[in-house]
Each structure stands twice: as C-alpha cells, then as structure tokens.
Amino acid sequence: MNQFLDFSLGGIANGAVIALMALALVLVWRSSRVVNFAQVGQAMFTTFISLWIYEVSGSWLLALLIAICAGAILGLVVHLLVMKPVRRADASGAIIATFGVLIALQAAAGMIWGGDPKAFVPPVANSGLEFAGRIWPVSWYDLLIFAVTSVLVLALSYVFTRTSFGLAMRASALNPEVARISGVRVSRMLILGWAMAGSVGAIAGVLIAPSATLSPNSFDLLLVFAFTAAVIGGLDSLVGAVAFGVGTGLVLSLVTGYSDASNAPIVSLVLLVVILLMKPDGFFSQSKSRVV
Amino acid sequence: MLELTGVDVTVSGLKILDGVSMKVPAGSITGLIGPNGAGKTTAFNVVSGFVRANSGTVTFKGKSINHVKTHQLAKLGISRTLQAVGLFPTLTVLENVMLGATSRNKAGILSESLALPWVDKEQRVIRQKSVEILRRFTLDSVMDAMPGELPYPTQKKVALARALVSEPDLLLLDEPAGGVGAEEIRELSALLQQLTPECTVLLVEHHMELVMEVCDLIWVLDAGKIIASGTPAQIRSNQDVLTAYLGEAEVS
C-alpha cells in the first residue's frame with residue numbers, strides 16, 4: 001500500500017509538468033487549430049537559454065523570467081516565419097511543418113550547446129520530504145511545480161472566461177471571419193496565442209529540467225505524454241489538459257514503478273488510442289467535430 | 001451614409017460586379033434586391049472588406065473605406081449579419097452577443113488580465129448591454145444556452161442581437177428573413193422600423209413583402225449591374241425590374 005502511495009504521489013508531481021506542456025499545446029490549438037509538435041523543441045531551446053542565464057547570474061528566478069520571455073519570442077517567430085506562410089497554403093501542411101520546426105530546433109540546439117546531457121540544479125530541495133516519521137516521494141521542488149501550475153491554470157482560466165480578450169481569442173479560433181466582423185483583430189489573436197503557448201511551454205521546460213537532464217532530445221517523451229493528455233482532455237480545454245496531464249503522470253508512474261520505465265511511452269499511446277476509440281472528442285471538448 | 005461608386009469585382013475572369021454605383025442615405029432602410037447570383041452578397045462583402053474591389057470607391061460618412069480592414073469596421077460603426085447565421089457554436093448566446101460589444105472595448109490585454117478596476121467596470125458594462133439587448137429580443141431565458149440547442153429562427157435573432165449590441169450607425173443585413181416564419185418576419189419588420197433613423201439599414205432580402213413594407217429606397221442588381229432604383233412603389237411598377245427580377249410570368 002505504501003509503495004502504491006509513493007508511486008502515486010511521485011506520478012502526480014510529474015503529471016503537473018505534463019499538464020503544463022499539455023496546456024501549451026491547448027493554447028496553440030485554441031488560437032490557431034494546429035497541434036504544435038514543435039512545442040517541446042521550443043521549450044528545450046528556451047530551457048538551454050535559461051540554463052545559460054542561471055550559470056551566468058546564479059539566479060533561478062531570473063533564469064525563469066528570461067525563459068518566459070524567450071518562449072514568447074520564439075513562439076512568435078515560429079508563428080510569423082513558418083506557420084503563417086504555411087497555413088496560407090494548406091492547413092494540414094501546418095502540422096507537418098511543426099515537426100520540421102522541432103527537428104530544426106533540436107539540430108540548432110545540438111550545434112550551439114552540444115549533445116551531452118547537462119544538469120539543471122533546482123532552486124529548492126528536490127529530495128523527498130520527511131514527515132510523520134517517513135520520507136515521502138514529494139519534494140519542496142514538486143510543491144513549487146504544483147504551485148506554479150495552479151497559479152498558471154487559474155490565471156489562464158480567468159483570462160479566457162472573464163475577459164474580452166479571452167472571448168475574442170476563443171472566437172478567432174472558432175470562426176475567424178465572423179470574429180473579424182465583430183471587430184476582433186484575428187491576426188493579433190494568433191500571435192498572442194503562439195506567444196502565450198511559448199511562455200507556458202518554457203515554464204514547463206525549466207520546471208522539468210532538474211528532474212531529468214537537459215539535451216536537445218530530452219523532452220521528446222514529454223511531447224508524447226503531453227499530447228496524450230491534451231487530446232484525451234478534449235484538445236481545447238484547459239481543465240482537460242491539466243486533469244489528464246496529472247492523470248497521465250499518475251498512470252505512467254504506476255507503470256514505471258510496477259514494471260519498467262521503457263513501457264511508459266507505449267502505455268501512453270495505448271491509453272490515447274483506447275480512450276479516443278471510446279470517446280473521440282475527448283472528455284472536456286465542447287466540439288463534436290473530431291472523428292478518429 | 002454609404003456610397004459605392006463604379007465598383008468592379010472580377011473573380012477568375014468573371015465579372016461579379018460591373019460598375020456598381022449606389023447610395024444608402026443616412027437614417028434610411030435601403031433594400032438591395034436581385035435574383036440569385038446578381039452579386040448582392042458580393043456587394044456586402046466589398047463593404048465589409050472580405051472582397052476587395054478591382055476598381056471604384058466605397059465611402060462611409062464621406063470617407064473612403066476601400067482599404068479599411070474588416071475588424072476595423074465595427075469601430076467605425078458598421079455591423080453586419082451573415083446569410084448563414086454565423087454564431088460561435090461553443091460560446092453561449094450571451095458570449096456570442098458580448099463579442100459583438102467588445103469592438104468598443106478600450107481595455108488592453110495586459111490591463112484586462114490584471115483585472116484592473118476600471119477594466120472590470122468596462123466588462124460589466126459590456127455584459128449589461130448584452131443582457132439588455134437579449135431582453136429586448138426576449139432571448140434572456142436562453143442566454144446561457146449554446147446556439148446549436150436553439151431553433152433556427154432564434155439563432156437568427158441572436159445573430160441580429162450581436163450585430164446591434166455595438167450600436168452601429170450602419171447595419172448590413174444579409175437575408176434576415178431567410179428560413180424564418182411569418183411571425184418572426186412581422187417582428188423583424190417592426191424592429192427594423194424602430195431602428196431608424198438612429199441606425200441606417202442596408203437590407204439584402206428575397207422576401208419581397210418585407211422589402212416593400214420597410215424600405216425607403218430600393219436598388220435592383222441584375223448580373224452585377226444596377227438596373228433600377230427608387231421607392232418601393234416605383235420599383236413595383238418598373239418594367240425592367242419586373243422582367244429581369246420577377247420574371248415574365250409574374251409581370252403578366
């Protein structure tokens with residue numbers, strides 16, 4: 001029983017980071033109806049920048065802030081230089097282009113920072129907390145991840161549901177032409193969607209880096225897990241992304257704990273296929289148009 | 001209020017509008033009629049910025065709007081409905097209408113996200129105005145519903161409420177009576193007459209009874225060209241219109 005509790009708690013902590021990356025995927029989807037497979041590449045790139053700032057300044061907070069800004073800028077650059085021209089030609093081409101961006105970013109990172117894994121030291125202790133006479137598989141750092149994820153989700157939910165900007169952003173993704181008639185500057189909404197997603201992805205990158213090592217390909221698995229969570233959650237739902245991000249982390253931790261870590265990606269994909277076969281729209285989607 | 005002068009639109013070598021010149025006087029309900037394919041919706045699209053004229057000018061309140069972008073029209077005071085209802089399927093009725101009111105929103109994204117007090121007040125005003133117009137249209141009981149749950153005529157009313165909530169100076173209505181019943185058409189007729197003279201209306205409509213009842217001035221478009229203009233009485237008795245638009249059988 002204790003072992004189950006340990007695996008579960010550890011899984012929930014990992015799930016919070018998966019949830020953040022899933023949120024980034026949802027933000028791009030919400031603004032431009034594209035699944036951005038380059039999201040983890042952008043996060044990896046900004047985490048390298050963040051690590052460099054951390055090594056130079058010694059300030060984790062400054063490194064995080066720079067990562068957030070760099071994430072927004074990189075999101076904007078990817079949208080303006082690649083996605084906007086590609087989307088004009090063909091909508092499905094945009095999704096393939098995101099893979100191209102991912103490969104390009106990984107290659108660029110390899111050339112700049114090399115392929116060797118680098119360690120990113122956490123700002124607070126990342127070892128299990130001692131409480132009630134035992135060591136729990138949750139650290140101060142995990143609690144920090146929870147806090148950041150919770151604040152971000154609440155802030156994003158507020159912006160999307162309570163502000164004109166959030167309403168305009170949702171409308172732009174649903175029907176750009178009608179949104180324009182209603183006075184919404186759709187092109188600006190697209191730019192902001194990509195920039196916001198870039199920042200959220202960058203936060204996820206900085207938060208997950210201390211739990212693993214940082215290399216050009218170190219976030220690849222995170223993409224698989226985050227994609228699973230976002231799609232099962234309904235792809236346009238913030239709540240769905242977070243709930244299933246944490247849920248995916250939990251399931252994967254149990255799989256890793258009771259069998260082997262190499263089974264995790266396979267279980268993730270099986271989970272995705274099985275749930276989509278039963279519920280093609282995901283759990284929190286308001287749209288009924290997706291078909292598997 | 002609105003004036004089109006010598007507007008040409010050619011798509012893939014086909015002339016959709018051919019030197020269209022027409023005026024919509026301020027405070028009037030002006031009709032634009034013509035058989036299917038005459039170019040009425042294209043004329044609307046030129047005014048809305050969806051289609052750019054190959055030549056000619058479009059002026060609103062004396063200023064050219066040829067190069068104005070679609071999203072800027074709402075701020076200028078031009079609002080329109082679409083032939084297809086065009087509601088956002090996953091936004092509630094109230095949110096759909098609120099979106100129409102946001103064009104006059106002055107708050108920036110940052111100040112909105114920080115929920116500054118004056119922005120909060122602005123949000124409340126937008127919400128209040130949207131609720132009021134829904135009440136006026138007796139739609140307040142469905143304001144939390146999704147558009148897809150409502151009957152088609154009710155969806156059309158919501159679309160009209162969204163177009164009116166920004167208090168436009170010029171309202172472009174694209175077949176508002178299409179697919180709705182006699183009762184709703186009577187309501188629409190009364191509403192249009194209440195709107196003027198504060199709001200000028202340009203109406204594209206196939207329902208001739210409604211057009212003849214509410215319009216002060218009618219322009220007739222056939223195969224991309226204006227073939228007649230005048231009061232409903234003049235249009236009714238215009239031989240060219242009767243032949244081209246209503247057809248020989250109707251004339252006799």
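Predicted model: local features only at pLDDT ≥ 70, side-chain atom pairs only at ≥ 80, totals over all residues.
**Exercise 1.** Find out how strands S1 and S2 of chain B pair, and what joins them.

*Solution.* Start with the two stretches: S1 covers residues 2–11 of chain B, and S2 covers residues 14–24. They run antiparallel and share 7 bridges. Next, pick out some partners: Val7(B) is bridged to Val20(B), and Val11(B) to Leu14(B).

**Exercise 2.** Work out which strands stand at the edges of the chain B sheet, and why one side of each lacks a neighbour.

*Solution.* First recall the background: strands of a sheet pair through backbone hydrogen bonds. Now write down the order in this open sheet of 4 strands, S2-S1-S4-S5, with antiparallel pairing. S2 and S5 (63–64) of chain B each have a single partner strand, so one side of each has no neighbour in the sheet.

**Exercise 3.** Describe two contact regions of chain B: between its domains, and with chain A.

*Solution.* Begin inside the chain. Domain 1 (1–77 + 169–252) and domain 2 (89–167) are assigned in chain B, and 8 residues of domain 1 contact 8 residues of domain 2. The domain 1 side splits into 4 nonpolar, 2 polar and 2 charged residues.

Then turn to the other chain: 26 residues of chain B contact 21 residues of chain A. Helices H2 (70–76), H3 (93–101), H4 (109–113) and H5 (117–136) of chain B each give two or more residues to this side. The chain B side holds 10 nonpolar, 11 polar and 5 charged residues.

Note on methods:
Residues numbered from 1 in each chain as written. Chains lettered and ligands numbered in written order. Pairing = 2+ DSSP bridges. Domains from an automatic or database assignment. Contact = placed C-beta atoms within 7 Å. Nonpolar A, V, L, I, M, F, W, Y, C, P; charged D, E, K, R; others polar.
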